[in-house]
Amino acid sequence: MSRSPFKKRVRSTSTSGEPKILDPSSVSDINDAVEMIQYKIEGKSPEIAIVCGSGWSSLPLPDQVHAEVDFAELFLPKSAVPSHNNKFVFGDYEYTTEDGTKQRAFICVLKGRLHPYEFNMNTALCSLPILIMARLGIKKLILTNAVGGSGEGGYDSKTFVLIDDHICLPALSGFSPLMGIPTLKALGLQAAKEDKFVVFHNDTPYRKNVNEALMNHWQDDEKMKVKRGVYAMQGGPEFETPAEINFLLTHGGANCVGLSLAHEALVAKYLNMDIVGISLITNTKNDPEEPNHDAVKSTMEEGSECFENGAKLLNKAVGLMLELPAGNA
């Protein structure tokens, strides 16, 4: 196989002997990363992408790996958070359709993500994987993460929350990822769209028809704890104070809170991607123990109930995303 010209081109722009980190505002940088991936996957087209948040990377996705692309190969920065493996994984994945038949799809899985608090709240930089996915032609996206829950109304530990809407505090505070990325026209994704005004107009970024179908499927399953709800993203890296928890989860309209995902959803919505968001509650405000990342990882460790349920939930979500008509109806 001939060597990709990607590294030679990007390294030629580096300084002081260090590779240049990709610039989220640079169309050429994004295109370089896309070209590298296309070279690795031999021109195949992923049908759907899954972003694995904390703990979720332990799931066997895809079940037949075709190619792996490390963030370093794309000159993306690396997350230092445990369980985030900093790579794209491409391959075949078997999912179950609504009528129970088995189908296979070529998918993209992001094993780990970039958290804004690790990179000076540069939400645009941390949304680069989503931009790359869109330029690869991916139109369907499942975002996952681990969160703290209210502990009220069923939003307890080991409950999966299907996100109906979000509160993105970083974006509301002046750190919108849309400020630092190219326009759709520049990216070649929508010729007529030159501004970055994303209008929701009583809508949300998330596929409510998929959420409804998932709820209907598991409503009578006592072993699968699933709720629909509102997710709040704060900047981190610190966890919330009692007053902040009270503000967000009691008075603010949110059912769970975390440090990721919403900035990616905003960019994906801007890029006209269909989005499903799934949060796993790993602790609640009523827990006697302090929240910590080890507890997050252990909740989804292989062989656990959440591991099995998470795999089932994602499998069903993939099938519904590929089968149901696009839109939030």
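Modeller: In this predicted model, Glu42 counts as exposed because its relative accessibility is 52%, and the cut-off for exposed is over 50%. The residue sits in the loop that links α2 to β1. Its phi is near 60°, which is a positive value in a residue other than glycine, and this position comes just after α2.

Helix α2 has 14 residues, and from its first C-alpha to its last it reaches 20 Å, close to the 20 Å expected at 1.5 Å a residue. Several of its residues are buried, namely Asp29, Ile30, Asp32, Ala33, Val34, Met36 and Ile37. Helix α2 (residues 27–40) packs against helix α3 (residues 128–135) at an angle of about 60°, and the two axes are 9 Å apart. The crossing of these helices is right-handed. On the α2 side the contact is made by Ile30, Asn31, Ala33, Val34 and Ile37, and on the α3 side by Leu128, Leu131, Ile132 and Arg135. By class, the residues of this contact are seven nonpolar, one polar and one charged.

Asn86 is placed in the loop between β2 and β3. Asn86 is classed as buried because its relative accessible area is 7%, under the 20% cut-off. Strand β3 (residues 87–96) contains Lys87, which is partly exposed at 22% relative accessible area. Not counting residues up to four places away in sequence, Lys87 touches Glu68, Val69, Asp70, Phe71, Val109, Leu110 and Lys111. Pro62 belongs to the loop between β1 (48–52) and β2 (64–70), and a cis peptide bond with omega of about -15° joins Leu61 to Pro62. Another cis peptide bond joins Gly236 and Pro237, with omega of about 5°; Pro237 lies in the loop between β7 (226–233) and α7 (242–251).

In helix α8 (residues 262–270), eight of the nine residues are buried, including His263, Glu264 and Tyr270. Just after α8, Asn272 takes a positive phi of about 65°.

Helix α10 (residues 305–323) holds Asn315, which counts as buried at 16% relative accessibility. Its side chain reaches the backbone nitrogen of Thr96 at 3.1 Å. Leaving aside neighbours within four places in sequence, Asn315 is in contact with Tyr93, Glu94, Tyr95 and Thr96.

Helix α6 (residues 208–218) includes Leu214, which is buried with a relative accessible area of 0%. Apart from neighbours within four places in sequence, its contacts are Leu162, Leu313, Lys316, Ala317 and Leu320. The C-alpha atoms of Leu214 and Leu320 are separated by 8.3 Å, although the residues are 106 residues apart along the chain.

Note on methods. Residues numbered from 1 in each chain as written. Predicted model: local features only at pLDDT ≥ 70, side-chain atom pairs only at ≥ 80, totals over all residues. Heavy atoms only, no water. Axes fitted to C-alpha atoms, helices over the stretch in contact; angles between N-to-C directions. Helix = DSSP H or I, 4+ residues; strand = E, 2+ residues; numbered from the N terminus. Left-handed = near helix turned anticlockwise from the far one by under 90°. Contact = heavy atoms within 4.5 Å. Nonpolar A, V, L, I, M, F, W, Y, C, P; charged D, E, K, R; others polar. Expected span 1.5 Å × (residues − 1). Buried < 20%, exposed > 50% of the residue type's maximum accessible area, 1.4 Å probe, protein only. Polar contact = N/O pair within 3.5 Å; in protein donor to acceptor, adjacent residues only side chain to side chain.
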